[in-house]
Amino acid sequence: MNVHLRAQSFNAAAAQYAANRPSYPPALLDAVEELSGRPLAGARVADVGAGTGIATALLRGRGAEVVAVEPGGGMAARFRRELPGVPVVRGDGNALPLADASVDLVTYAQAWHWTDTARSVPEALRVLRPGGAIAVWWNTTALDVPWIAAQHERIARHTGTEPPTREPDDGRAVRLAGFEGLHCVRRQVRWSRVVPLGVHLANIGSHSAFLVLGEAGTREFLTAERDRLRALFPGEEVEEAYVADLLVAAERSPAAPATSP
């Protein structure tokens, strides 16, 4: 499936994305502060691939001075509606429209995997001030929950995508992120939310594998999935379980150890 088409697919579904995608738990923001070695309050932060502003709002709520970077026109327009007081500039992580040494923290929420790390890592380091850090995170699938694992197997079969796998170990996670050679630390935060069944299904439909599939194919899957989940959740309230997977990376100081993470 074409990666560019999947990355661009969110623009036509920005309202659906904003209304139904999960946010992130407070403990994740606590970990960003701990692992980056500085509070978010007063920090200058570039939130890249900001989408509709889900993570940006949390960063701003912690007192950070945030500039958002978003490549998609539809997503950027929705961002401006959701967070009219926050500047958003068009651009992507492979060529950041930001000055050298202009921010304390570069963040990517659900967006780092859309970049070419051979370009996005040097770009993030370029815009960081001395002592700054890169923080990337994702809400990943809690595959130890049987119904969630079974659902994601069905999604993979229907969309022709790779089935989900257990999260990689720390060393492989660092390599996949392109952070080899940097001082990198990982933290995983388990959390959940309870949502109406309709929100859960709309969340599924907001993912790129369905957005590029088209309305008919998406509707077919979600109709069948609604019937399956009604049997599991007769009250039509679904508990979605996530593991927020965070990596915080920075250039090594002369005194830093030679191994990571």
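**Helix 11 and its neighbours**

Modeller: Let's start with a pair of helices: helix 7 and helix 11 cross in a right-handed way. Bear in mind that this is a predicted model.

Colleague: OK, how do the axes of helix 7 and helix 11 run relative to each other?

Modeller: They cross at roughly 160° and come within 12 Å. Angles over 145 degrees count as roughly antiparallel, so that is what helix 7 and helix 11 are to each other.

Colleague: Which residues in helix 7 meet helix 11?

Modeller: Trp147, Gln151, Arg154, Ile155 and His158 do. On the helix 11 side, the residues they meet include Phe221, Glu225 and Leu229.

Colleague: And which residues of helix 11 are buried?

Modeller: Gly217, Thr218, Phe221, Leu222, Glu225 and Leu229. Looking down the axis of helix 11, they fall within an arc of 110°, so they line one face.

Colleague: What do those buried residues pack against?

Modeller: Helix 7 (146–159), helix 9 (197–205) and helix 10 (208–211).

Colleague: What's on the face turned away from the buried side?

Modeller: There you'll find the exposed residues Ala216, Glu220 and Ala231.

Colleague: What about Gln110, buried or exposed?

Modeller: Gln110 is buried, at 17% relative accessible area. Gln110 isn't a glycine either, yet has a positive phi of about 60°, and sits in the loop between strand 4 (103–109) and helix 6 (117–127).

Key
Residues are numbered from 1 along each chain as its sequence is written. This is a predicted model: local features need pLDDT of at least 70, side-chain atom pairs count only at pLDDT 80 or more; totals for chains, interfaces and linings use all residues. Side-chain values use heavy atoms; hydrogens and water are left out. Buried means under 20% relative accessible area, exposed over 50%, partly exposed in between (1.4 Å probe, protein chains only). Helices (H or I, at least four residues) and strands (E, at least two) are DSSP runs, numbered from the N terminus. The arc is that of the directions from the helix axis to the C-beta atoms. Contact means heavy atoms within 4.5 Å. Axes are lines fitted to C-alpha atoms, for helices over the stretch in contact, and angles run from 0 to 180 degrees between N-to-C directions. Angles under 35 degrees count as roughly parallel, over 145 as roughly antiparallel, 65 to 115 as roughly perpendicular and the rest as oblique. A crossing is left-handed if the near helix is turned anticlockwise from the far one by less than a right angle, and right-handed if clockwise.
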